[in-house]
Amino acid sequence: MTELEQQLLSAFDALENEWQKQQAASEQALKDLQRMFEASSAENKELKAQIYSLGKLCSGLAERVASLSEQVQDLSRKL
């Protein structure tokens, strides 16, 4: 094998190694992104449930305030 062929083979091997490293890094990044997406989805689901509960609580409180307001008006009329 000539010196030029050895240099070309060495350069090819270096490129191949670099490509393998980049491929592994890309695969790891994809796994990390998938894990983050799954965690975000789970948090989203939990937050939606909390928002729903808070919405129901607010509706109940609004009804209670309206009822108390009517009671106050009724009492003021009686005075």
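How many positive and how many negative side chains does the protein chain have, and how far apart do the centres of the two sets lie?

1. Charge. The protein chain carries 9 positive and 13 negative side chains. The centres of these two sets are 23 Å apart. The model is a predicted one, and the values in this note are to be read with that in mind.

2. Fold and overall form. The protein chain has 1 helix and 0 strands. Its radius of gyration is 34 Å, well over the 12 Å that the globule rule gives for 79 residues, so the chain is more spread out than a compact globule. Along the principal axes, the C-alpha atoms fill a box of roughly 110 × 15 × 5 Å. Helix α1 covers residues 3–78.

3. Distances along the helix. Ser41 lies in helix α1. Ser41 and Ala62 are 21 residues apart along the chain, and their C-alpha atoms are separated by 31 Å. Glu18 is also found in helix α1. From Glu18 to Glu5 the separation is 13 residues in sequence and 20 Å in space, C-alpha to C-alpha.

4. Burial and surface. Of the 79 residues in the protein chain, 0% are buried. The chain exposes about 7,500 Å², and carbon and sulfur atoms supply 60% of that area. Ser41 has a relative accessible area of 31%, so it is partly exposed.

5. Nonpolar patch. Met1, Leu9 and Phe12 make a nonpolar surface patch of about 350 Å². Of these residues, Phe12 is found in helix α1.

6. Salt bridges. The count comes to 2 salt bridges. In one, Arg35 pairs with Asp32, and the closest N and O atoms are 2.5 Å apart. Asp32 counts as partly exposed, because its relative accessibility is 26%.

7. The pair formed by Arg77 and Asp74. Arg77 forms a salt bridge with Asp74, with the closest N and O atoms 3.0 Å apart. Arg77 and Asp74 are 3 residues apart in helix α1, again about one turn. Is Arg77 exposed or buried? Arg77 has a relative accessibility of 61%, so it counts as exposed. Asp74, at 39% relative accessibility, counts as partly exposed.

Key. Residues numbered from 1 in each chain as written. Predicted model: local features only at pLDDT ≥ 70, side-chain atom pairs only at ≥ 80, totals over all residues. Heavy atoms only, no water. Patch = residues over 30% accessible without salt bridge, like charges linked within 9 Å, V, L, I, M, F, W, Y side chains within 5 Å. Areas by Shrake-Rupley, 256 points an atom, 1.4 Å probe, with all protein chains shown as cover. Salt bridge = Lys/Arg side-chain N within 4 Å of Asp/Glu carboxyl O. Helix = DSSP H or I, 4+ residues; strand = E, 2+ residues; numbered from the N terminus. Rg over C-alpha atoms; globule rule 2.2 N^0.38 Å. Buried < 20%, exposed > 50% of the residue type's maximum accessible area, 1.4 Å probe, protein only. Lys, Arg positive; Asp, Glu negative; His and termini not counted. Charge placed at Lys NZ, Arg CZ, Asp CG, Glu CD.
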